[in-house]
Amino acid sequence: MTNVMAANDDGYKPGGLHDDLACPICLDVRHDCKIFQCNNGHLICEPCHASVNECPVCRARLSRPGSRCLFAEKSIQALVTSCKYAKDGCGYASANRDQAEEHTASCIYGPVECPLLPCRELVTRASLLGHILKTHEAINLQVDEDGTAKSEVDWAFLEQGVTASIPFHLPWRGRLFLAVVSRHHTEYCSWVFGLWEPRGKEAKAVIAVECDNLTLRATTQTVRLEKKIAEIVADDSVLCMSSRQAKIAARDGAKIIFKLSIPEESDSRMHQGQAEDEGAASTY
Ligand SMILES: [Zn+2]
Ligand SMILES: [Zn+2]
Ligand SMILES: [Zn+2]
Ligand SMILES: [Zn+2]
C-alpha cells in the first residue's frame with residue numbers, strides 16, 4: 001500500500017489510479033460497497049454488478065454471486081478522504097478528492113461567518129439559519145402563486161445611513177435563500193445568498209424593489225456565504241440603488257416592496273443565451 005499512499009500524498013491527479021478503480025458503468029469509485037470483477041479482471045461496483053449479466057468492457061458473462069476484487073476494495077479505501085468536519089458529526093467520505101474538497105467547502109458542519117453587518121459572528125453552516133432568525137429578526141417572505149416572494153419593508157435605515165443589513169428568509173423548494181439589503185458606501189445594495197448551495201451551482205435570482213416613485217429590477221446570481229461584500233458588489237450579483245434613488249424611494253414615507261424570485265432551472269435558461277434583462281422584465 002506504500003506506493004498508493006505516496007501517489008496520494010503527491011497530490012491527487014484526475015486519471016491514474018483513481019480512474020483505474022472507477023466502475024465502467026456508473027463511473028464512480030465506490031468506497032461503500034463491494035467491488036466485483038469479470039473473468040478478465042475488469043472491475044464493476046456492487047450495485048452495477050447486480051444490474052447486468054455481462055461485463056460492460058469485454059462482454060464476458062458474469063458469474064453469480066460473482067467474484068470480488070479485494071485488492072481493488074483495499075486500494076479504494078486508501079484513497080478515501082473523510083470530510084474535514086467528521087468529528088463534528090459529518091458522515092461524508094469520498095474516494096474522489098476533488099469531490100471531497102467540494103463537499104468540505106459547503107459542508108453544513110463547517111464554520112461560516114454570519115453574513116449580516118455588523119454581526120459577522122462565526123457559526124456553523126447548520127446553525128446559521130437559527131442564528132439569523134433568533135438574532136436578526138429576519139423577514140419571512142411570502143411566496144405568491146406565481147412563485148414571487150415579496151414583503152413590504154420599512155427601509156427607514158436608508159435615510160439614517162447606517163451600515164446594517166435587513167435579512168429576508170426564503171425557503172424555496174427545499175433550498176434556503178437569504179436576501180439582504182445592505183449599505184455599501186453611497187449605494188444600497190441587495191443580493192441573495194444561497195445558504196447551502198454547492199459551489200458552482202449558483203442559481204439565478206431576480207430581485208426587485210418597487211415603490212410609488214421607482215421600480216428597480218435585476219437578474220443576479222445567488223452568492224456564496226464566504227464572499228466579501230466588496231467582491232459581491234464588484235461581481236455585479238447585486239441590485240444597486242444609488243442614494244439619490246433611495247431618497248426618491250423613501251420620500252414621504254412611501255411603502256417599499258421588496259420582491260424576490262428564484263426561477264426554476266434558471267442555469268440552463270441562462271446558458272441558452274436568453275437576454276437577462278428581457279427575462280427579468282417579461283417573465284417574472
Ligand atoms: Zn457502478
Ligand atoms: Zn470484462
Ligand atoms: Zn461534511
Ligand atoms: Zn449574525
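Visitor: Which residue stands opposite Leu 239 in strand 16?

Guide: Ser 190 does. Helices and strands here are DSSP runs (H or I, at least four residues, for helices; E, at least two, for strands), numbered from the N terminus. This is a predicted model, where local features need pLDDT of at least 70, side-chain atom pairs count only at pLDDT 80 or more, and totals for chains, interfaces and linings use all residues. Residues are numbered from 1 along each chain as its sequence is written, with chains lettered from A and ligands numbered from 1 in the order in which they are written.

Visitor: In which sense do strand 13 and strand 16 pair?

Guide: Two strands pair if DSSP finds at least two bridges between them. Strand 13 and strand 16 are antiparallel, over four bridges.

Visitor: Which residues of strand 16 are on the covered face, and which on the uncovered one?

Guide: Leu 239 and Met 241 are on the covered face, Cys 240 and Ser 242 on the uncovered one.

Visitor: Which residues touch the most other members of the largest nonpolar core?

Guide: In soluble globular proteins, nonpolar side chains tend to be buried together. A core is a set of buried Ala, Val, Leu, Ile, Met, Phe, Trp, Tyr and Cys residues joined through C-beta atoms within 7 Å. Buried means 20 or more other C-beta atoms within 10 Å of a residue's own (exposed is 12 or fewer, partly exposed in between), with C-beta atoms placed from the backbone. Here the answer is Leu 178, Ala 179, Val 192, Ile 207 and Leu 260, out of 37 residues. Elements giving two or more residues to this core include strand 13 (187-194) and strand 16 (239-242).

Visitor: What is the order of the three strands in the open sheet?

Guide: The order is 2-1-3, with antiparallel pairing. Strand 2 (43-45) and strand 3 (67-68) each have a single partner strand, so one side of each has no neighbour in the sheet.
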